[in-house]
Amino acid sequence: MEWTDEGIVLGVRRHGESSAIVELLTREHGRHLGLVRGGAGSRMRPWLQPGNSVRAVWRARLDEHLGTYAIEGTRLRAATVLSSSHAVYGVTHLASLARLLPERDPHEEIFEMLERTLDDFDDIGEAAAHLIRFELAMLAELGFGLDLENCAATGATTDLIYVSPKSGGAVSRAAGDAWRDRLLRLPAFLREGEGGANSWSDQDLQDGFKLTGLFLLRHVLEPRGQGHSDAREGFINAVAKHRARVGAASL
């Protein structure tokens with residue numbers, strides 16, 4: 001058995017004295033592990049960092065075997081990632097989300113979205129917005145997508161500013177104002193066609209993380225006996241501290 005694919009490094013663990021077991025999210029073969037001989041050595045270490053993009057050739061005698069990887073780096077993001085705490089937390093959290101996908105099951109749209117998200121970590125606000133969108137995409141990919149296109153109460157498609165914490169459906173201003181204390185806020189950058197796709201406030205980011213966090217915990221993590229990763233909380237705190245510094249500097 002042999003195939004060649006694009007991959008994003010999710011994690012690495014040492015195996016024996018010099019080898020490493022590398023976990024990739026690949027474009028066509030999904031989340032896939034393989035042994036890299038010499039992967040623990042100094043020559044391979046710069047390539048085998050979480051968040052890096054690679055070209056991988058996987059070989060095994062049988063499909064169900066662990067197999068071996070021959071890996072070549074194509075986009076090495078680790079140096080940029082290690083220069084900022086929010087990026088370290090963000091990449092670690094993205095890897096933990098990708099691990100929720102079943103092994104060896106292709107998810108090409110998630111692969112492409114992960115690659116775009118990793119390429120846009122320089123601006124912390126944009127990174128936060130991308131990460132929230134990625135969490136929403138993961139919910140949908142795992143079968144728990146939110147309906148943010150129509151009002152759950154009236155069917156309206158405009159002025160959707162709330163989300164029901166029970167159904168995960170959007171709620172319009174007219175239908176939800178009387179119950180706003182019981183509803184989640186739908187930030188503008190997650191609304192389609194309302195001009196908010198590329199702008200956000202501090203409150204928008206807080207609302208976005210609250211929204212995705214609730215449904216990830218309820219539908220995905222708690223049934224597996226898990227909670228939110230420490231990296232997610234670290235990323236949210238890093239965003240809040242950065243935005244607070246920016247706000248103080250502008251006074």
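At 6% relative accessibility, F121 counts as buried, a term for residues under 20% relative accessible area with a 1.4 Å probe and protein chains only. The model is predicted, so local features need pLDDT of at least 70 and side-chain atom pairs count only at pLDDT 80 or more, whereas totals for chains, interfaces and linings use all residues. Residues are numbered from 1 along each chain as its sequence is written, and side-chain values use heavy atoms, with hydrogens and water left out.

**Aromatic pairs**

- Rings of Phe, Tyr and Trp (its six-membered ring) pair if their centres lie within 6.5 Å, and planes over 60 degrees apart count as edge-to-face, under 30 as stacked and the rest as tilted; the count comes to 5 aromatic pairs.
- F121 and F235 form an edge-to-face pair, with 6.4 Å from centre to centre and 85 degrees between the planes.
- This pair links distant parts of the chain, 114 residues apart, since F121 is in the loop between α3 (108–118) and α4 (124–141) and F235 is in helix α7 (residues 230–249); helices are DSSP runs of H or I with at least four residues, numbered from the N terminus.
- F235 counts as buried, because its relative accessibility is 1%.
- The rings of F209 and F235 have their centres 6.1 Å apart and their planes at 65 degrees, so this pair is edge-to-face.
- Ring pairs also link W3, W58 and Y69 into a cluster.

**Second largest pocket**

- Residues lining the second largest pocket include F209, I236 and R243, and α6 and α7 are the elements that give two or more residues to this lining.

Notes. Buried < 20%, exposed > 50% of the residue type's maximum accessible area, 1.4 Å probe, protein only. 1 Å grid on protein atoms, 1.4 Å probe; cavity = no way out; pocket = protein on both sides within 12 Å on 5 of 7 lines; lining within 4 Å.
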